[in-house]
Structure formats: C-alpha cells, structure tokens
Amino acid sequence: MSRTDSRVAKPNRELENVEIRISQLVPGERILSRQSIDRWKSIIESGKFDGPIVTKVLDVYFVTQGNHRVFAAKEIGLTSLTCQVAKIKRQQKVAAQDDVDCEDARKAGLLGFEGLRIVATDQDRERACKEEADDEDPIFDDLFGEEDN
C-alpha cells in the first residue's frame with residue numbers, strides 16, 4: 001500500500017487507479033499556494049508520488065485531495081494523471097450538493113484547473129481562505145456583526 005493510500009484509506013471506500021485528463025478535473029480548492037505547488041513539482045518530476053483522490057460527479061471528477069499536485073502537474077506540462085477514484089456511495093443530499101458545486105466551478109471557468117487564485121505561501125493561503133469564508137458566511141456576520149463607525 002502506498003503512503004497516501006495508507007494515510008487516507010477508509011473502510012467504506014475503495015480506490016481505483018484511473019488515468020484522467022486534467023481537463024476533466026474540477027478543483028476542490030480555489031486558492032492554492034505557490035510554495036506547495038513548487039514543492040509538488042519537484043516530487044512529481046522525481047516520479048514518486050501518489051495521484052490525487054477524486055470522486056466522479058456527473059461527467060467530470062472532483063478533486064477531494066491533491067489540488068496542489070494537479071496544478072503542479074499541469075504547470076510541468078502533463079495533460080493527464082493517474083488518479084485514485086474513490087468508489088463510494090454518496091448520500092442523496094451530498095450528491096446533489098456535489099453536482100451544484102461542480103456546475104458552479106464550470107460556470108466560474110475552473111474546469112481543468114483554470115482560473116485559480118495563487119498566493120505566495122501556505123500562510124498566505126490560510127489567510128486568503130479564511131477571508132473568503134468570512135465574506136461568504138452571513139451567519140458569521142450575524143453572530144459577530146461589524147461595528148458601526
């Protein structure tokens with residue numbers, strides 16, 4: 001069993017290795033760090049890496065783990081990757097939300113890992129993700145509110 005398989009293997013899912021074109025992959029993250037991308041480029045070039053974990057949604061594959069790997073592979077010039085396709089039965093509500101998320105990603109131009117926001121460091125990415133989540137979460141605003149100036 002490979003490093004990634006042993007770390008993320010779950011009793012309720014099987015992983016099948018499938019060669020998938022990057023143009024069929026939908027990112028699970030919209031903000032990536034240059035620091036991690038560059039680290040993955042050197043790992044990929046060594047040839048010793050596990051493919052990303054994906055789930056088939058409609059006619060594309062949603063990347064659940066390995067977004068930096070996919071982007072790094074694309075920058076290197078690869079057009080496809082051996083991905084670990086998770087064979088899981090999704091709950092109806094989860095399946096419906098995944099379908100909506102993938103369609104939103106297509107409309108946003110993210111299919112094939114296009115149009116992602118790249119920041120310099122992993123810390124910058126953490127900050128940017130938190131800011132994006134805060135901007136999109138009206139409950140957060142309701143709970144903590146903004147002070148009136």
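Student: In E5, which residue is the bridge partner of Val-54?

Tutor: It is Val-63. Two strands pair if DSSP finds at least two bridges between them. Helices (H or I, at least four residues) and strands (E, at least two) are DSSP runs, numbered from the N terminus. Here E4 and E5 run antiparallel and are joined by five bridges.

Before going on, note that this is a predicted model: local features need pLDDT of at least 70, side-chain atom pairs count only at pLDDT 80 or more, and totals for chains, interfaces and linings use all residues. Residues are numbered from 1 along each chain as its sequence is written, and side-chain values use heavy atoms, leaving out hydrogens and water.

Student: What is the bridge partner of Val-54 in E6?

Tutor: Val-85. E4 and E6 pair in the parallel sense, over two bridges.

Student: How many residues lie between the strands in the hairpin of E4 and E5?

Tutor: Two, and in this hairpin Leu-58 takes a positive phi near 55°.

Student: How many residues of E4 are buried?

Tutor: Buried means under 20% relative accessible area, exposed over 50%, and partly exposed in between (1.4 Å probe, protein chains only). Four of the five residues of E4 are buried, and the strand is mostly covered. Of the 149 residues of the protein, 34% count as buried.

Student: Which residues touch the most other members of the largest nonpolar core?

Tutor: A nonpolar core is a set of buried Ala, Val, Leu, Ile, Met, Phe, Trp, Tyr and Cys residues joined through side-chain atoms within 4.5 Å. The largest one has 26 residues, and Ile-20, Leu-25, Val-54, Val-70 and Phe-113 touch the most other members. Elements that each supply at least two residues of this core include strand E4 (53-57), strand E5 (60-65) and helix H3 (67-76).

Student: What does Val-70 touch, not counting residues up to four places away in sequence?

Tutor: Contact means heavy atoms within 4.5 Å. On that count Val-70 touches Ile-22, Leu-25, Pro-52, Val-63, Leu-81 and Phe-113.

Student: Why is H3 largely enclosed by the rest of the structure?

Tutor: Because seven of its ten residues are buried. Val-70 is one of them, along with Phe-71 and Ala-72 among others. H3 is followed by Gly-77, whose phi is positive, near 115°.

Student: How many disulfides are there?

Tutor: A disulfide is a pair of cysteine sulfur atoms within 2.5 Å. By this rule the count is zero. Cys-102 is buried, at 1% relative accessible area, while Cys-129 is partly exposed at 27%.
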